[in-house]
Amino acid sequence: MKSVLAAYLARQKSVRRLSGLSVSPELSIGIVIPCYNEPCLLRCLHSLAVARKPAGHVEVCIVVNAPDNAPAAAVARNRQTVAELDAFIRETDSPSFRVYYLDVTLLAGKYAGVGLARKIGMDEMIHRFAAVHRPEGVIVSLDADCEVSPEYLAEIEQTFCTPGIRYVAAVLGFEHPLPPAEEEPVVRKAMIQYELYLRYYKHALRYTGFPYPYYTIGSCFAVTAETYCRVGGMGKYQGGEDFYFLQKVFPLGKTAEIRTARVFPAAHLSDRVPFGTGPSLIRLAEQPEPVKYTYAWESFGWVRSFIASRQACFKQSAESVRTVWNRLSIPGRPGGLPGPFRQYLDEVHLAEAVEELGRNCASPAVFDRRFFEIFSALRILQTLNALQQTYPLQPVACETARLLNAVYGAAVPEEVHVSESGVLVLLRQIRAYE
């Protein structure tokens, strides 16, 4: 009988690209780094090289990539990266810490981009773990413009080796280093706003009662090789591949949050992917005074009320399910779900899906768990977008202050909403509740 890893590779028709490179039987961590037109890769590799070493061996696979229509300057930068890598590998190669690269510059086809590059590297890592029969081996996702903390490698290994707990995945701590205000004032302000936005959304999602309120950042997660194969591997999306991949991973088992293994993504403007940190910073930097807008706190209150009502919908008809929803309320707003929320649920036929789910679940516990198959993280995001008709987007600093007060009882002075130093205080406050 084929192993999970071998079965995955057979389904994918994946060809091992580094068949001539031996694999250590002590391999425990494989780090995959997509790299396109990136001048700071060596900083990333240096931070990994000097980090405290785990008990097992570590491999780092850099996937140097570019689409076939990439600008000449980007292709030239990739060629320089390859030369730099050759020199770095000669200086640092050892049995316990091995760096190598796959040069797939000028990828053709509609999928050419970070998702495909990540998949190429992670599939190669599956070949390598399969060769030494290590389904428990850990695949770590990192980006080329990041640096890591000294405890990064050791903490990842220690977490996945925790006695009595079998983690399928881990999300890692992160913090964007802020450029000095006197050197890059606009980028600094934009970065503070954007990181606050990420943290507000994660904490607000946890407040709703959603069972998987984790960051889904491409440079900040790890999964076991077996888990990677069970969900069908990484998608080929040109952006958002991390989000869609992790939404398949989280329901499989326990996910660890490793706050002591931290990633420091660079705070710089970039348009290499269609959305994410770089494009968001560009849009913010174009404003006279960068202000990031986000979903209103009331919208998360409605999602919380909706999720809390799920047990009342077990074994109910679609009509009865709608009746339950029409009786929901949040503080100061009785009278059922707002119209845009109800309209969205009707558009996706969620009441009918809940009825069918109830018929197929033998117990309330099973229904409770499987409810989030039909009301997923993506559905929540779509719900929040619909609720903008009732609750327009608000400055993230204002909504973070409301969250800190409502969830953690933290008193936030009104003036912190408006100044850069005040917003930075909010960011530090919400980081403290991670």
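Biologist: Let's start with E434 and R199: what makes this pair a salt bridge?

Modeller: The closest N and O atoms of E434 and R199 are 3.4 Å apart. A salt bridge needs a side-chain nitrogen of Lys or Arg within 4 Å of a carboxyl oxygen of Asp or Glu, so the pair qualifies. Do keep in mind that this is a predicted model, in which local features need pLDDT of at least 70, side-chain atom pairs count only at pLDDT 80 or more, and totals for chains, interfaces and linings use all residues. Residues are numbered from 1 along each chain as its sequence is written, and side-chain values use heavy atoms, with hydrogens and water left out.

Biologist: Which parts of the chain does the pair of E434 and R199 tie together?

Modeller: E434 lies in the segment after α17 and R199 in helix α6, so parts that are 235 residues apart in sequence are tied together. Helices here are DSSP runs of H or I with at least four residues, strands are runs of E with at least two, and both are numbered from the N terminus.

Biologist: What else does E195 pair with in a salt bridge?

Modeller: The side chain of E195 meets that of R431, at 2.9 Å from N to O. R431 lies in helix α17 (residues 420-431) and E195 in helix α6, so this pair links parts 236 residues apart in sequence. Both residues are buried.

Biologist: Which residues do salt bridges with shared partners join into one network?

Modeller: The network holds E175, E195, R199, R262, R431 and E434. By the same rule, the count comes to 24 salt bridges.

Biologist: Turning to the sheet, what makes β3 and β5 edge strands?

Modeller: Eight strands form an open sheet in the order β3-β2-β1-β4-β7-β6-β8-β5, with mixed pairing. Two strands pair if DSSP finds at least two bridges between them. β3 (97-107) and β5 (146-148) each have a single partner strand, so one side of each is left without a neighbour in the sheet.

Biologist: How do you know that β5 pairs with β8?

Modeller: Three bridges join β5 to strand β8 (residues 254-265), against a requirement of at least two. The two strands run antiparallel, and V148 has V263 in β8 as its bridge partner.

Biologist: Last one: which residues does R370 contact, beyond its neighbours within four places in sequence?

Modeller: R370 contacts L357, N360 and C361, where contact means heavy atoms within 4.5 Å. R370 sits in helix α14 (residues 364-374), and at 28% relative accessibility, R370 counts as partly exposed.

Terms used. Buried < 20%, exposed > 50% of the residue type's maximum accessible area, 1.4 Å probe, protein only.
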